[in-house]
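Thanks for coming. I have one structure to go through today, so please bring it up on your screens.

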Amino acid sequence: GDAYASIMLGNIYFTSAKFDPDSKEPEKMKSKYQQLLSRALDFYRKVLMKEPNNVYAANGAATVLAQSGRLYEAKKMLADLREAAGEELPDVWINLAHIHLVQKEYLPAIRLYQATLDKFYSGHDVMLLQCISRAQFAAAIAQGKSRGTDVDLEMLKKCKRSLLKAMHLAPRDWSLQFNMALVLKTWASSVMTGARDSHLEWLKPEALRFEPPPFSKQDLEQVKNDLIVMRRLAMLLGSIQQEREFPKEKRKEAVNMDKWGKTASDVLPQYIQAVEDMREAYEEARGDIKKEEEALVLEAEKKKQELRAAEEEKQRAMWERARVLEGQKDTIVQAPDFLKP
């Protein structure tokens with residue numbers, strides 16, 4: 001009873017700890033925030049002193065440590081807790097994944113979120129699907145930058161799939177629809193930027209056109225469809241008037257997304273034509289290469305035939321000499337001076 005009550009009090013203090021750096025008195029608010037976290041930690045530790053194996057108290061203490069910025073301690077505690085009693089509490093897995101995400105360890109975070117979703121929720125949990133999509137989006141941006149591009153499109157595809165699953169489970173969750181619009185905008189922007197940059201490279205006289213273009217007409221057609229969906233979502237979100245349903249700042253962002261989508265849709269035909277020009281140039285270059293390859297094959301075959309003919313001529317000459325010598329053998333043997341000293 002005492003342990004349960006202490007854990008509940010710790011949870012209350014923890015959930016009451018809010019900090020807004022943009023508040024009118026940030027220092028005062030920060031001080032109160034830290035006090036509430038400290039009180040929550042006291043209650044969790046009180047339980048752990050009597051019950052060291054209490055999973056709920058340990059998870060609460062680790063969460064407070066993480067919230068206080070003591071990520072290394074929190075991460076170690078949660079990792080140990082997951083090994084010892086992780087089967088009992090999915091929150092341990094989730095909080096550990098949260099720390100991976102904060103530390104920009106995106107792939108471990110994704111794997112742990114996904115494992116939690118599959119193990120405890122049979123693949124159906126909106127909050128976890130949101131967490132997965134958030135980590136996938138961050139990973140797409142980070143991996144893209146490491147490779148010198150705007151975004152990793154394959155990871156962004158996975159992010160899109162995660163959001164689609166979440167939207168299927170919660171069709172009226174406006175934050176999910178906003179995130180989907182953002183993903184579609186990011187996708188369209190990245191493909192269009194990549195197509196533009198590739199086309200500029202191909203326009204250079206010294207450009208080698210022997211590799212296929214990185215984007216096809218089908219990729220741009222997909223962008224066209226994505227922009228239609230993105231604009232529909234953005235217009236819907238921008239029309240929501242109730243602040244409690246969808247924040248005003250997000251509505252403004254949605255309106256700007258719609259404007260961006262309209263501009264992108266207007267210029268998209270030029271991008272489609274650009275990738276078609278690249279494809280035609282590539283096919284032409286490939287045609288020239290093919291002709292050169294065929295000419296080399298013909299030349300090699302001609303040389304092969306010449307060598308074969310020369311070898312055959314050599315063999316014929318040898319057989320002819322042998323025949324002549326064979327025909328002269330009797331005459332030589334029967335000669336009066338054959339083998340005489």
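Predicted model: local features only at pLDDT ≥ 70, side-chain atom pairs only at ≥ 80, totals over all residues.

Start with α1 and α2. Their axes come within 8 Å and cross at roughly 160°. For angles between N-to-C directions, anything over 145 degrees counts as roughly antiparallel, and therefore α1 and α2 are roughly antiparallel to each other. The crossing of these two helices is left-handed. On the α1 side, the residues in contact are A3, S6, I7, L9, G10, N11, Y13, F14 and S16. They meet L36, L37, R39, A40, F43, Y44, K46 and V47 in α2. By class, the contact of α1 with α2 has 11 nonpolar residues, four polar and two charged.

Next, α5 and α6. Helix α6 covers residues 106-121, and it packs against α5 at an angle of about 165°, with the axes 8 Å apart. This pair is therefore roughly antiparallel too. What is the handedness of the crossing of α5 and α6? That crossing is left-handed. From α5, the contact takes in P90, W93, I94, L96, A97, H98, H100 and L101. Across from them in α6 are Y106, P108, A109, L112, Y113, A115, T116, K119, F120 and Y121. Sorting the residues of the α5 and α6 contact gives 14 nonpolar, three polar and one charged.

In α7, the contact residues are V126, L129, I132, S133, Q136, F137, A139, A140 and Q143. Their partners in α8 are M155, L156, K158, C159, S162, L163, K165, A166 and L169. The contact of α7 with α8 divides into 12 nonpolar, four polar and two charged residues.

Now the pocket. The largest pocket in the model has a volume of about 280 Å³. How many residues line the largest pocket, and which lie nearest its centre? The lining has 15 residues, and those nearest the centre are F14, T63, A66, Q67 and H98. Of the elements, α5 gives the most, with four residues. In terms of class, the lining has nine nonpolar residues, five polar and one charged.

Two residues link the parts of this talk. F14 is in the contact of α1 with α2, and F14 is also among the residues nearest the pocket centre. H98 is in the contact of α5 with α6, and H98 is likewise listed nearest that centre.

Notes
Residues numbered from 1 in each chain as written. Heavy atoms only, no water. 1 Å grid on protein atoms, 1.4 Å probe; cavity = no way out; pocket = protein on both sides within 12 Å on 5 of 7 lines; lining within 4 Å. Points joined across faces, edges and corners; volume = space filled by probe spheres on them. Nonpolar A, V, L, I, M, F, W, Y, C, P; charged D, E, K, R; others polar. Axes fitted to C-alpha atoms, helices over the stretch in contact; angles between N-to-C directions. Parallel < 35°, antiparallel > 145°, perpendicular 65-115°, else oblique. Left-handed = near helix turned anticlockwise from the far one by under 90°. Contact = heavy atoms within 4.5 Å.
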